[in-house]
2 protein chains.
Amino acid sequence: MSEKIYVGVDLGGTNIKVGICDEQGKLLHTYEGPTGAEDGPEAVLDRIAQYVKKIVSDSTYQWEQVAGVGAGIAGFIDLANGVVLFAPNLKWKDVAVKSELESRLGLPVALDNDANVAALGEAWSGAGAGLKHIVAFTLGTGVGGGIIIDGRIYQGFRGMAGELGHIKVVPDLEAIQCGCGQLGCVETVSSATGIVRMAKDAVGRGEATSLSLNETISAKDVFDAAKDGDEVAIRIVKRAAYYLGKAMAAVAVVLNPQRFVIGGGVSKAGDILFDEIRKVYVQNVPEVFAQGVDIVPATLGNDAGVVGAAGLNLK
Amino acid sequence: MSEKIYVGVDLGGTNIKVGICDEQGKLLHTYEGPTGAEDGPEAVLDRIAQYVKKIVSDSTYQWEQVAGVGAGIAGFIDLANGVVLFAPNLKWKDVAVKSELESRLGLPVALDNDANVAALGEAWSGAGAGLKHIVAFTLGTGVGGGIIIDGRIYQGFRGMAGELGHIKVVPDLEAIQCGCGQLGCVETVSSATGIVRMAKDAVGRGEATSLSLNETISAKDVFDAAKDGDEVAIRIVKRAAYYLGKAMAAVAVVLNPQRFVIGGGVSKAGDILFDEIRKVYVQNVPEVFAQGVDIVPATLGNDAGVVGAAGLNLK
């Protein structure tokens, strides 16, 4: 029998990206087009099916070689039934994505949320390839997480495992409210949003910094300023790294992963961020949880979503 | 073929307890005798083999029905090789328990640490029976933990997963040092040792309490005083429950278990402890992690170790 291929769909608010992976998780082809969420779920589902058919027919592979189609979606998903319960950036509520795509494609379809899917991508053929126990953090607008055990996403009782951004690490009296309603989640500090908030606060207070509100401050601006020696920016980067390192220490004693993979826009900050995270992590775990354990940047970049989505149909 | 039975060994510093379980994890017979750790590992291993042979021959079961023997041991274990690396209460270092017992018994032998084994016992036929995602805390001299997924102990990269007592929850400036070398682990506050320490500190400071140093204070004394309305004791119980609830909230967003099972001597305190833990837990997790999730006392008591040890050979 000929080689199987796996098709992944990264369904974003603006664009739909589809990709074909081989059995080793190597991304062979991608195709990207507009989501057109304003046309409603039916039109978006039609478009996904069209993109999936197109990328396969444009390739050297046959439709019969497709083992399955996976889709990663930012939102809450009823995994048992393959229903997107709520996806704010698509304005979707209770959309039966699995059954709708299966009927359009005649193939098995699997769903998961974007952070889990990105983690699976990195575990399959990215920074975690070949390892059995991987925990991934995605530092973007929020802090996402994914737990990959033996190449599978660990879901827990209600599919909510790996919500690592909601580990509460900031002491109560220093904490601010998170989008989840709790106080002091690591997401409030270590996400791009958290970093920008701290920077704006510092500028607003008139602290001595090269950062300014004239331009829209981004997390990258803060990291760039920190690299240039701006002490306010350095303090903010250290704070983001500190609480992320503390959250990782908590995850370590619970799960004892071999590798932490950190992706998302914020992770592009490089050594200035990673050196600090590693230092805080090692200081906050018993030694056995640091031996042989590493903390590395994700390697698939924006492709992690489409690769991981493709991997949802791995047996 | 006749029914299989599972033999468990709870190897303590003072006594060895062996038990026979049926395929549903029901404990049918137990036999207990002295460990005699002072005679050295060889003698203890001989004694374990002797007790295992005795309990089977005294029963209505045949030796051929024994599916395997499991042993729970307080200490660090090299799971891959079945070697006890270090067991302080036995004064053991690098004892090849698995191979030594297998050669004495001619049966497969599996090992794990006492907290994992107790968790497995509760998940098999105790407070977690029938559920797929269980997290157990054992509140004794320390705070042990065990993660049971689909009826198996989750071990992680180096077999150190589930070291839940070392989740750091006490704010740094309030923290004391834990046996693991870190500061502020939940074990420093929510174990029997932590509760007794807080009580002795309060008495030593001359606080207005019915507790006294004339007798040796136990955790039970503190709970009894709290039930009688002693405000110092109530404050200590609330503190122990508060930090345990915070640790459980961290575990929840990582693993999303369906049930938390709390065992060990401290768990016998009953509602005064559990009501407070539940309150703190619910306050500290996003709502989805509280829906359908419960926090219950262990039901197997001191038998959890022998039942869970027997369960190590479940396929």
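This is a predicted model: local features need pLDDT of at least 70, side-chain atom pairs count only at pLDDT 80 or more; totals for chains, interfaces and linings use all residues.
**How the copies are arranged**

Let us begin with the symmetry. Chain A can be laid on chain B by a rotation of 180° with 0.0 Å of shift along the axis, and the superposition has an RMSD of 0.0 Å. The two copies are thus related as by a two-fold rotation axis.

**Where chain A meets chain B**

Which surfaces do the copies use to meet each other? Of the interface residues of chain A, 100% are also interface residues in chain B, so the copies meet through the same surface. Chain A puts 40 residues into this contact, and chain B likewise puts in 40 residues. Together the chains bury about 3100 Å², with 61% of that area on carbon and sulfur atoms.

The salt bridges between the chains number 2. In one of them, A:Lys246 pairs with B:Asp172, and their closest N and O atoms are 3.2 Å apart.

Of the side of chain A that touches chain B, α7(A) gives the largest share, with 7 residues. Sorted by class, this side holds 22 nonpolar, 13 polar and 5 charged residues.

**Where the domains of chain A meet**

Within chain A, domain 1 covers 5–121 + 303–311, while domain 2 covers 131–298. Their C-alpha centres are 28 Å apart. Domain 1 brings 10 residues to the contact between them and domain 2 brings 13 residues.

The domains bury about 820 Å² between them, 63% of it on carbon and sulfur atoms. On the domain 1 side, A:Asn116, A:Ala119 and A:Leu120 supply 51% of the area buried against domain 2, more than any other three residues. How many salt bridges join the two domains? The count is 0 salt bridges, and 1 residue pair is in polar contact, with both residues at pLDDT 80 or more.

On the side of domain 1 that touches domain 2, β8 (109–113) and α3 (114–125) of chain A each supply at least two residues. The most comes from α3(A), with 6 residues. By class, this side of domain 1 has 7 nonpolar, 2 polar and 1 charged residues.

**The two interfaces in brief**

| Interface | Buried area | On carbon and sulfur atoms |
|---|---|---|
| Chain A and chain B | about 3100 Å² | 61% |
| Domain 1 of chain A and domain 2 of chain A | about 820 Å² | 63% |

Notes:
Residues are numbered from 1 along each chain as its sequence is written. Chains are lettered from A and ligands numbered from 1 in the order in which they are written. Side-chain values use heavy atoms; hydrogens and water are left out. Copies are superposed by least squares on the C-alpha atoms of residues with pLDDT of at least 70 in both. Contact means heavy atoms within 4.5 Å. Buried area is the accessible area (1.4 Å probe) that two parts lose on being put together, summed over both. A salt bridge is a side-chain nitrogen of Lys or Arg within 4 Å of a carboxyl oxygen of Asp or Glu. Helices (H or I, at least four residues) and strands (E, at least two) are DSSP runs, numbered from the N terminus. Ala, Val, Leu, Ile, Met, Phe, Trp, Tyr, Cys and Pro count as nonpolar, Asp, Glu, Lys and Arg as charged, and the others, Gly among them, as polar. Domain bounds come from an automatic or database domain assignment. A polar contact is a pair of N or O atoms within 3.5 Å; within protein, one must be able to donate a hydrogen and the other to accept it, and residues adjacent in sequence count only if both atoms are side-chain atoms.
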